[in-house]
Each structure stands twice: as structure tokens, then as C-alpha cells.
Amino acid sequence: MTYTIVPPQKILNPQLEIAGGHALSGEIRVSGAKNSALVLMAACLLTRDPIRLRNIPPLTDITAMGEILAALGVQVIRQGEAIELNGDHINQSTAPYELVNSLRASFFCIGPLLARTGMAKMPLPGGCQIGSRPVVEHVKGLKALGAQVTIDHGVVTAVVPGQGHRLRGGRIHLDCPSVGATETLMMAAALADGETTIDNAAQEPEVVDLAGLLIAMGARVRGAGTQTITIVGVDRLHGTDYAVIPDRIEAGTYLLAAAITRSHLRVAPVIPEHLGAVITKLEEAGCRIENDGIGLTLRADHVRAVDLRTQPFPGFPTDLQAPFMSLLATAEGTSVITENIFENRLQHVAELQRMGASIRMKGNTAFVEGVSRLSGAPVQGTDLRASAAMVLAGLAAEGITTVQGLEYLDRGYADLEGKLNGAGAAIRRTSAS
Ligand code: EPZ
């Protein structure tokens, strides 16, 4: 299936205009995982050989990461859904502030850059709409691998002291299973001298995908996907050709689009194990889901309330909390949703209330009493996944919903309106001005 992309920059002050009440049918194709592609791109800094990554989604975050790597001296060549990265001539150890500030995830370049060159200067990533996004665990882990790390005027400088600029293996215990810290430290440890153990590691599928790439490059990594990851450093890593896993959060978003419109829709490709908690909750809510080995088909007639508590993988993913809340705003009964990962990831509640949702807040918990019908309204997406949640609500609402905040949406969803319209939705990208 091919889809056309309306480059967001082509429309001033863009918004999505959604005519609610259209059932979905047929199939929606899932792109490669944004949160895997970004870290796999950074891993190219670990070798002088070219790395070819396939199934790369066409997202603004991917473009931003490419710009940051190019600023460090990496040759970046986009070839359709593949990207070739050649880190042979890294000529910088300092990433430009304005680029890093646009993409928090670029901070984990500090690990491979330090391991490869012995020095790395990365602007401290700012907070964002959903929280302060600290990097304490990343810094603590680099120090455990022998780096000297200072933070001055908003810039993190990491240096490997002594001869040879080589990190040394060590034992790291993360205070929290941070995805970015786990990934940063895996990449740093891959070229360190000796063995590294990361305890309380993140177990997300994107961590496992990174381990798959590193192993394909010649790294010695064991235990990815469990709480303890062991890496035995090697002297050098070589190039490879690697395909990124499908995006589980995008897939979950489209399954929720089918559920909120009470439709029958196939979403593919999907690795079911990557969405275990989400599939369980969708079935608990009354959806029927069939796995055909490549994709999932969801059927929804009546949807009932369920309780959600976001947790690190394999728990319920924080990235699908907002989209799932849109569904539960239309379910029979009252759901209790608790956001345990980020301190400010419930801003979509106010936007859903504008559409007639009945939600009461108490700290990091939302009590969502389902209503029979949401009503279309002008709403704002307050972060990447909240923007998607508002689109889902618009699909089910009576009348027209306009969603602003597409600068967030286009970071994580490739052609969301094109894919939904291909399954029967009625969405237009227009100018809000
Ligand atoms: C990754 O962010 C994802 N981004 C996020 O997806 C995702 O929501 C998050 O993991 C959790 O699953 C990418 O992979 C690019 P964390 P990351 O470090 O690595 C706290 C999306 O919508 N923490 O696991 O930044 C932190 O404050 C994005 O696609 C510390 O306390 O997340 C947060 O509460 C949003 N100290 C929690 O851990 C630290 O040193 C999870 O953060 C580091 C993190």
C-alpha cells in the first residue's frame, strides 16, 4: 500500500478537520517504529562502516536526527523507506544546541559518540510538555563506565580520561528502568574494555531492537528484554543492513481508532508480544481481536469501562494512555486511569472535556465516565500522543472536530490522516488561520 504525504510545512498553521461518525474498514499499514529508528540511527556513530537501516518511518523526528548526525560529520542518505548512515568521518564531538533542543531523543548520541571518540558534548535536553525528562541515570551510568562528566551552562561534557580514550566495563544499577538511559549505556558499553552489567534495565521492544542491531554489528550483548543486560565490549564494530521493528504505539493507536468507531479493521504488521498489555485491555473492554500471524483484526460493537495503570514494559505503555482514554470516554461505565510514568501527561483531559467527555481528576488519576456521544469541537493536541488521542475522539464525535498541534503529531505518525482516510475516515488537513 502506498500513501502520499502532504508535507506539513506546505500548509500554514495546519489543523486536521475531522467529520465524525464514519466507520472504518479494510486495513491500515503500520510503519517502522519511531522510538527504535531514532536510537538505531545513533548507533551508526559506533562504527566507521556504513549502516543501512530499513523500514524507517517518514517522520519529522527522523529528519531531525539525520540533521544532528550530519552535523557530527555522518553521511546521511535517505533512500525511500531506508536510510544509509556512514560514520567514517565524524568531525565533531559537539551536537548543535538548536538541533538537540528540537529532539530530546538525540541526547542518547552521547553514549556512542563518547565510546567512539573519547569525548562528547551534548546540550542538556530540555523538559517538554509531559515532564522534566531528566538524564540523571544516563550520566550516572557513563561515570560508572569511567567517563568524567560535567554539566556547565546547560551542556553535558563527557570525557574518557587517560590514554586511548577507551571506556571500561562496569556494573550499573538504574534507579528507574529508563529507556533512553538503557539504550545510551548499551551503546557506550559495546566498545568499552571489559564487561558491563546494566541492572533494572528497561525491557521495551525498542531496547531489544537496539540489541539486535548491535549484535548484527558484532557486539556481544545478552539479556536485552530482561531486567539485566550484559555487554562484553569489543575493539570495533562493523557495518550491517538491518530492518526496524513495526511501531507498536502506532499500531495500538489504529486498533483504538477501530474500537472507538466500533469498526472491523485489520492493522498490520504487528508483533503481538509488543502490545500484550494493550491487547489484554482492549479484550477486557469487549473488543474481539484476531491474530493472523502478520497483523491483528479488531472488531468492536459494545465497549465497556476498564481500569488502566501505566507502567514500564511489559506493563501498559504510557504512550497509549491518552489514545486509550479517548476510547474509554465513549465506553459504558466508569474507568480509572492512572499515569505513573510522566508527571504531566494528562493535559488531554481538558481537551476531551471540551468534546463532552465526563472526566474527574484526582492527582495523576482520571475517573472517566463514558458518555454515549462526544461532540465535535476545536481542540488542541498538547503532545504527540495527546494529539493522536484528539483525532481518535474526533472520529467518533458527532459533527466536526478540528485538531491543532500537528507539529507534535507529524513527529510520531506518518500520514495519519492518509492512512485513516484509506480506511474510511473523513479527515482534511487545512489551515487554521
Ligand atoms: C522513551 O523516552 C520514549 N522516547 C518515550 O516516547 C516513552 O514515553 C518513554 O521512553 C517511556 O516509555 C523515545 O524512545 C525516543 P524514560 P525516555 O527515560 O527514554 C524518568 C513518544 O511519545 N527518568 O524511560 O525519555 C522520567 O522522568 C515518547 O514516542 C528519571 O527519573 O523515557 C520518566 O518519568 C514520549 N530519571 C520515566 O523515567 C532519568 O534519569 C521514563 O523516562 C531518566 C528518566
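Me: What distance separates the centres of domain 1 and domain 2, taken over C-alpha atoms?

Reply: The model is predicted: local features need pLDDT of at least 70 and side-chain atom pairs pLDDT 80 or more, while totals for chains, interfaces and linings use all residues. Residues are numbered from 1 along each chain as its sequence is written, and side-chain values use heavy atoms, with hydrogens and water left out. The chain is divided into domain 1 (3-31 + 246-431) and domain 2 (34-243), with bounds from an automatic or database domain assignment. Taken over C-alpha atoms, the separation of the two centres is 30 Å.

Me: What area is buried between domain 1 and domain 2?

Reply: Contact means heavy atoms within 4.5 Å, and 26 residues of domain 1 are in contact with 21 residues of domain 2. Buried area is the accessible area (Shrake-Rupley method, 1.4 Å probe) that two parts lose on being put together, summed over both. Carbon and sulfur atoms give 51% of the area between these domains, which is about 1900 Å².

Me: Where does the ligand lie relative to the two domains?

Reply: The ligand is surrounded by 22 residues, each with a heavy atom within 4 Å of it. The closest are Ser-178, Gly-180, Asp-319, Ile-341 and Arg-385. Domain 1 and domain 2 both give residues to this shell, so the ligand lies between them.

Me: Which backbone atom lies 3.0 Å from an oxygen atom of the ligand?

Reply: A polar contact is a pair of N or O atoms within 3.5 Å; within protein, one must be able to donate a hydrogen and the other to accept it, and residues adjacent in sequence count only if both atoms are side-chain atoms. The backbone atom at 3.0 Å is an N or O atom of Val-136.

Me: Which element gives the largest share of the shell around the ligand?

Reply: Helices (H or I, at least four residues) and strands (E, at least two) are DSSP runs, numbered from the N terminus. Helix 1 (34-42), helix 5 (136-144), helix 6 (179-190) and helix 12 (384-396) are the elements that give two or more residues to the shell. The largest share, three residues, comes from helix 5.

Me: Which residue joins Ala-268 through a cis peptide bond?

Reply: Most peptide bonds are trans. The bond from Ala-268 is cis, with omega about -5°.
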